[in-house]
Amino acid sequence: MSEKKPELSDAMKRKLESKKFSKNPILGTKFTIAISSAKGGVGKSSFATNLALALKKIGLKIGLLDADIYGPSVPKMFGITEKPKSDGQKLEPILKYDIQCMSIGFLTDQQTPMIWRGPMVTSAIKTFTQKVNWQNLDFIIVDMPPGTGDTQLTFSQEIKIDGAIIISTPQEVALLDVKRGIKMFDKLGVKILGLVDNMSYFLGDDGKKYNIFGKGGVKKTAEEFKKEFLCEIPINPEIGKFGDEGKPLVEANSDHEISKIYINLARKIKEIYL
Ligand SMILES: Nc1ncnc2c1ncn2[C@@H]1O[C@H](COP(=O)(O)OP(=O)(O)OP(=O)(O)O)[C@@H](O)[C@H]1O
Ligand SMILES: [Mg+2]
């Protein structure tokens with residue numbers, strides 16, 4: 001004889017419903033900031049690594065989580081080749097430049113493509129947020145992959161994001177994707193800290209600013225969606241050079257004009273949260 005299932009009360013149904021998307025803050029940090037943009041190649045990873053270093057320079061304890069499972073950048077940009085230790089329960093983040101770092105790239109051969117389905121990505125993200133021994137951090141900076149896919153959804157629905165920063169370049173094609181990114185976070189109830197205009201202009205030897213990819217588009221988009229416009233970062237080959245050498249610009253030369261932009265932004269972020 002089959003047993004009749006008990007009817008769930010409305011209150012219990014509501015409780016279960018809310019549990020489905022209950023958000024877990026990352027253990028070991030006060031705040032989690034996601035660096036995002038729906039568009040690829042606009043400078044998210046460069047921004048995330050330099051911002052993490054700028055926050056450290058103003059005296060905060062910082063973690064850097066590379067959430068780009070298919071195309072991790074943190075191992076290269078931070079020059080990390082060692083593998084994280086594990087006690088069978090938790091993974092130890094790798095300490096570099098006084099920043100606690102974690103990336104799928106620490107665990108795999110960098111040239112091996114990750115051929116994973118969505119649920120595997122979700123489970124990797126959960127491991128990185130719940131099973132890493134992050135210690136006493138003020139902020140974890142999350143370098144997001146491009147797009148509006150599984151990683152963004154997992155972070156927004158199941159893990160607490162305290163603020164998202166959206167990076168764009170000024171081209172129309174980038175801005176179209178950025179608008180999609182803004183709408184996604186708004187829909188998922190994630191607070192957007194603001195927009196950053198990366199590769200905003202090129203400063204010539206003549207001291208003039210050249211707007212190679214167009215002018216003012218990111219600021220206009222911020223106004224259109226009533227978001228804060230955080231800063232503009234010029235095009236500078238040194239960003240790529242130092243990133244490729246495994247020591248981002250802010251660490252290599254904290255007096256550089258671009259490093260100062262990052263440090264000012266870091267102060268702003270500290271003021272907002274701490
Ligand atoms: N302000 C800048 N000036 C010059 N080069 C830059 C700047 N910002 C980023 N770059 C370069 O642009 C390229 C793409 O940057 P990055 O990898 O940070 O982008 P991304 O948005 O993280 O890309 P993906 O979507 O693939 O993760 C890199 O070679 C980087 O060095
Ligand atoms: Mg990247």
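At what angle do α2 and helix α10 (residues 257-273) pack, and how far apart are their axes? The angle is about 70° and the axes lie 8 Å apart. The model is predicted: local features need pLDDT of at least 70, side-chain atom pairs count only at pLDDT 80 or more, and totals for chains, interfaces and linings use all residues. Residues are numbered from 1 along each chain as its sequence is written, and chains are lettered from A and ligands numbered from 1 in the order in which they are written.

**View 1. Packing of α2 against α10.** Two packed helices are described by the angle between their axes and the distance between the axes. Axes are lines fitted to C-alpha atoms, for helices over the stretch in contact, and angles run from 0 to 180 degrees between N-to-C directions. Helices (H or I, at least four residues) and strands (E, at least two) are DSSP runs, numbered from the N terminus. α2 and α10 are therefore roughly perpendicular (65 to 115 degrees; under 35 counts as roughly parallel, over 145 as roughly antiparallel, and the rest as oblique). Their crossing is right-handed; that is, the near helix is turned clockwise from the far one by less than a right angle, whereas anticlockwise is left-handed. From α2, N50, L51, A54, L55 and K57 meet Y262, I263, L265, A266 and I269 of α10. Contact means C-beta atoms, placed from the backbone, within 7 Å. By class, this contact has eight nonpolar, one polar and one charged residues. Ala, Val, Leu, Ile, Met, Phe, Trp, Tyr, Cys and Pro count as nonpolar, Asp, Glu, Lys and Arg as charged, and the others, Gly among them, as polar.

**View 2. Packing of α6 against α7.** The axes of helix α6 (residues 172-188) and helix α7 (residues 217-224) come within 10 Å and cross at roughly 25°. The two helices are therefore roughly parallel. Their crossing is right-handed. E172, L175, V178 and K179 of α6 make the contact with G217, V218 and T221 of α7. Three nonpolar, two polar and two charged residues take part.

**View 3. The shell around ligand 1.** Of 19 residues around ligand 1, G40, G43, S45, S46 and G240 come nearest. A residue counts as near if its C-beta atom, placed from the backbone, lies within 6 Å. α2 (44-57), β7 (192-203), β9 (229-235) and α8 (237-244) each give two or more residues to the shell. By class, the shell has six nonpolar, 11 polar and two charged residues.

**View 4. Positive phi at Y97 and M199.** Y97 is not a glycine, yet its phi is positive, about 50°. Y97 sits in the loop between β3 (94-96) and β4 (99-103). Y97 is buried, with 20 C-beta neighbours inside 10 Å (20 or more is buried, 12 or fewer exposed, and in between partly exposed, with C-beta atoms placed from the backbone). M199, also not a glycine, has a positive phi of about 55°. M199 belongs to strand β7. M199 is buried, with 22 other C-beta atoms within 10 Å.

View 5. T129 is buried, with 26 other C-beta atoms within 10 Å. Not counting residues up to four places away in sequence, T129 touches I26 and I159.

Key. Two residues are in contact if their C-beta atoms, placed from the backbone, lie within 7 Å.
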